[in-house]
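Please look over the predicted model below.

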Amino acid sequence: MKTKLIVSALMLALGSASVYAAEITLFGTAETSINIQKFKGEKTTSKLATGDYYAARIGIRGREDLGNGYKVRFTLENGYDSSTGETIASFDKHSIFSREASIGLITPYGEIGFGRFGSLSSGLGTYALQYFASPYGNGFNELGFGNIFQFVPRTNNTIALVTPNFDGLDFRVLYSNGILDESTEGYGKNTKYLGIGAKYVKGNFGGTIFYERVMWPNMLETEDGSSPNDHQSLTMAANYKFGNGVKLYGGYQYYTDARMNYGMTTSTGGFPVWPQLTTGLGKKTVSQHGMEAHAFMTSLAIPLWGGRIMPGIGYVTGKDKAKEGSPKYNRLVGGVAYEYPLSKSTLIWMSSQFSKGGDLFDSKEKMSNRPNSRTYEQQFNSRSFIAGLVYRF
């Protein structure tokens with residue numbers, strides 16, 4: 001149960017006082033897990049980890065009713081590594097509230113928000129929509145949607161617009177004119193993000209469809225000095241809860257000229273784009289094109305022994321247009337997870353999962369030009385077992 005504090009701002013002046021009341025919610029997660037994992041051709045490793053289930057975090061949410069259907073709200077949220085106490089989130093350890101720092105105005109005509117928050121595909125924060133696709137979020141190692149779908153992490157300098165809810169349906173637009181960089185060369189040089197989506201929830205059904213685009217003018221360029229093709233994706237996801245408590249999830253994504261995740265380096269000539277983008281290493285020369293693929297996910301959440309068991313599977317098939325000959329790749333992931341609540345705030349969980357790569361993802365080619373780089377065969381052929389403890393407040 002979240003801790004709620006009623007905070008009164010007192011303005012005192014020689015015996016007179018004006019009192020403004022706002023509802024403030026302190027929230028967070030403390031979680032840790034034991035992660036045992038084996039990549040093909042490597043020894044089995046074990047470690048304490050954080051973020052395998054639901055990333056450790058602490059934050060504050062606030063809301064004030066201004067009257068006549070108007071409200072103001074804010075979220076300040078930071079992530080941390082439960083095994084070291086180190087602040088972490090989205091490769092950015094310099095932000096105090098690196099998971100989200102946003103403020104918004106809710107009106108009878110919709111909501112407008114400003115700040116840093118997760119994109120539509122991130123599954124993170126106030127305006128995200130990816131969570132309809134899976135009960136795993138982006139955790140559970142190979143089962144997480146980031147191993148099948150491309151997603152854009154958090155974005156800075158972002159404006160969000162959300163329409164009023166029309167009988168379970170709303171529309172939203174997110175736009176950033178500087179995802180994690182702000183150019184001094186003018187508006188046109190900033191790396192931009194655009195997300196347009198819709199959400200529908202009614203009864204036992206929930207679903208979403210959204211389009212995303214990332215424009216790279218400042219951080220990436222091709223050999224002739226022009227900007228590479230924009231990252232684009234279209235995602236559809238839905239879930240339905242049956243009368244017996246079983247919940248079915250499914251999702252599909254098409255992406256083209258993608259350069260984001262999978263721990264991949266193919267489209268950047270040997271360096272992952274997003275970490276490079278967030279650590280200020282300057283421009284990177286890349287191919288005009290990126291990856292193109294179709295991705296699918298389906299899973300179940302089934303009540304069992306007081307908890308729930310969650311089997312799932314995902315598959316992606318595509319080609320890397322950045323490489324000569326546009327080699328094809330595919331990846332199959334699957335597994336099963338189980339969680340059991342010890343109380344309203346505490347649960348234990350475990351999962352077993354695997355990843356199997358094909359074509360390019362089963363080749364002995366190095367993923368980058370770094371000395372200790374894995375091959376594609378090693379990176380995309382793995383299995384793991386995780387067990388953890390989670391406390392939410």
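The text starts with the whole chain and then turns to selected parts.

**Ground rules and overall picture**

This is a predicted model: local features need pLDDT of at least 70, side-chain atom pairs count only at pLDDT 80 or more, and totals for chains, interfaces and linings use all residues. Residues are numbered from 1 along each chain as its sequence is written, and side-chain values use heavy atoms, with hydrogens and water left out.

The protein has two helices and 20 strands. These elements are DSSP runs, numbered from the N terminus: helices are H or I with at least four residues, strands are E with at least two. Of the 393 residues, 48% count as buried. Buried means under 20% relative accessible area, exposed means over 50%, and partly exposed lies in between (1.4 Å probe, protein chains only). The protein exposes about 18,400 Å², and carbon and sulfur atoms supply 60% of that area. Areas come from the Shrake-Rupley method with a 1.4 Å probe; for residues, only the protein chains shown count as cover. Among contacts between residues at least 6 apart in sequence, 60% join residues at least 24 apart. A contact means heavy atoms within 4.5 Å.

**Strand β14 and its partners**

Strand β14 (residues 247-258) runs antiparallel to strand β13 (residues 231-241), and 10 bridges join them. Two strands pair if DSSP finds at least two bridges between them. The two form a hairpin with five residues between them. In the turn, G245 has a positive phi of about 95°. β14 also pairs with strand β16 (residues 291-304), again antiparallel and over 10 bridges. There, G251 has M297 as its bridge partner in β16.

T256 lies in β14 and stands opposite Q232. At 12% relative accessibility, T256 counts as buried. Leaving out residues up to four places away in sequence, T256 touches D230, H231, Q232, M291, E292 and K321.

D257 is also in β14. Its phi is positive, about 55°, although D257 is not a glycine. Most residues other than glycine have a negative phi. D257 is buried, because its relative accessible area is 6%. A second case is N157, with a positive phi of about 50°. N157 sits in strand β8 (residues 154-162) and is partly exposed at 36%.

**Salt bridges**

The count comes to 13 salt bridges. Each is a side-chain nitrogen of Lys or Arg within 4 Å of a carboxyl oxygen of Asp or Glu.

| Pair | N to O distance |
|---|---|
| D167 and K202 | 2.8 Å |
| D170 and K199 | 3.7 Å |
| D257 and K321 | 3.8 Å |

D167 lies in the loop between β8 and β9, and K202 in strand β10 (residues 192-202), so this pair ties together parts that are 35 residues apart in sequence. D167 is exposed at 54%, while K202 is partly exposed at 42%. D170 and K199 are both buried. The D257 and K321 pair links strand β14 to the loop between β17 (307-320) and β18 (328-341), 64 residues apart. Salt bridges that share partners also join K40, D362, K364 and E377 into one network.

**Aromatic rings**

There are 16 aromatic pairs. Rings of Phe, Tyr and Trp (its six-membered ring) pair if their centres lie within 6.5 Å; planes under 30 degrees apart count as stacked, over 60 as edge-to-face and the rest as tilted. F145 and F151 have ring centres 5.9 Å apart and planes at 85°, so the pair is edge-to-face. Both residues, F145 and F151, are buried. Ring pairs also link Y53, Y136, F140 and W349 into a cluster.

**Surface patch and a loop lysine**

I103, F114, I159, L161, V173 and I196 make a nonpolar surface patch of about 480 Å². Patches are made of residues with over 30% relative accessible area and no salt bridge: like charges are joined within 9 Å, nonpolar side chains (Val, Leu, Ile, Met, Phe, Trp, Tyr) within 5 Å. V173 lies in strand β9 (residues 169-176) and is partly exposed at 32%.

K366 is in the loop between β19 (346-359) and α2 (376-379). At 45% relative accessibility, K366 counts as partly exposed. Its C-alpha atom is 9.4 Å from that of Q378, 12 residues away along the chain. Not counting residues up to four places away in sequence, K366 touches P371, S373, R374, T375 and Y376.
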